[in-house]
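Hello,

Here is the structure I promised to pass on to you. Please open it next to this email and follow along as you read.

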Amino acid sequence: NAGQGINDGSYRFFMNPGTGFAGSLWSNMYNVVNRSNRLMNRIDELLAKSPSATETKALEIAKGRLYIFRAFAHMKLFSYYTTDYTNGSALSVIKFDFYHTDDYTRYEKRATVNEIVSFIESDITKAFALTNDGLELDMAAAGDNNFVGKNVAHAILIKLYAMTNNASGILSNI
């Protein structure tokens, strides 16, 4: 490119579709989504067996963290594979919100920007609903930074809103 766009930031990163980075990002993030969906399905099965109140709370906190992981993976995919962040009807990524079985005949279309943004917001909302507005995410990991907490969830939303030029969304998560 002879240096054009380097100083103003318009050409700092270019992802070639045929490179290993493009394929590995896609497969790695959808692996996170798939595993999160599978674990959430298993948690639902365990919750259906009427565990004790302590076990129920632990399972809900785990499920809340999985919602945040799934939101992060979709946001990461959104950031690299969306055609236009500010156009709500532009094509984005595939929304996987279901337990994926070995039925490979199922075809999922790419969602729109508005659908993915709503989906990510919904996952964060569900995580907070399961964990007392996110407080239990942080309390369960007091003094330990090896767990996802509510600050990570807010960071995901802030990044998402910055990409989509939603200033009010940014301010509500600061």
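Below is what I found in it, from the whole chain down to single residues.

First, some ground rules: this is a predicted model, in which local features need pLDDT of at least 70 and side-chain atom pairs count only at pLDDT 80 or more, while totals for chains, interfaces and linings use all residues. Residues are numbered from 1 along each chain as its sequence is written, and side-chain values use heavy atoms, with hydrogens and water left out.

**The whole chain**

The chain has six helices and two strands, in the order α-α-β-β-α-α-α-α. Here helices (H or I, at least four residues) and strands (E, at least two) are DSSP runs, numbered from the N terminus. Of the 174 residues, 35% are buried. Buried means under 20% relative accessible area, exposed means over 50%, and partly exposed lies in between (1.4 Å probe, protein chains only).

**The core**

The largest nonpolar core has 39 residues, and Y30, I68, F78, I120 and I124 touch the most other members. Such a core is a set of buried Ala, Val, Leu, Ile, Met, Phe, Trp, Tyr and Cys residues joined through side-chain atoms within 4.5 Å. α1, α2, β1 (91–94), α3 and α5 (150–163) each supply at least two residues of this core, and α2 gives the largest share, 11 residues. Leaving out residues up to four places away in sequence, F78 touches V113, I116 and V117, among others; contact means heavy atoms within 4.5 Å.

**Helix α3**

V113, I116 and V117 are also among the buried residues of α3, as are I120 and I124. After α3 comes N132, with a positive phi near 55 degrees.

**Aromatic rings**

There are five aromatic pairs. Rings of Phe, Tyr and Trp (its six-membered ring) pair if their centres lie within 6.5 Å; planes under 30 degrees apart are stacked, over 60 edge-to-face, and the rest tilted. W26 and Y81 have ring centres 5.0 Å apart and planes at 85 degrees, so they are edge-to-face. This pair links W26 in α1 (residues 20–47) with Y81 in α2 (residues 53–81), 55 residues apart. W26 is partly exposed at 30% relative accessibility, whereas Y81 is buried at 17%.

Enjoy exploring!
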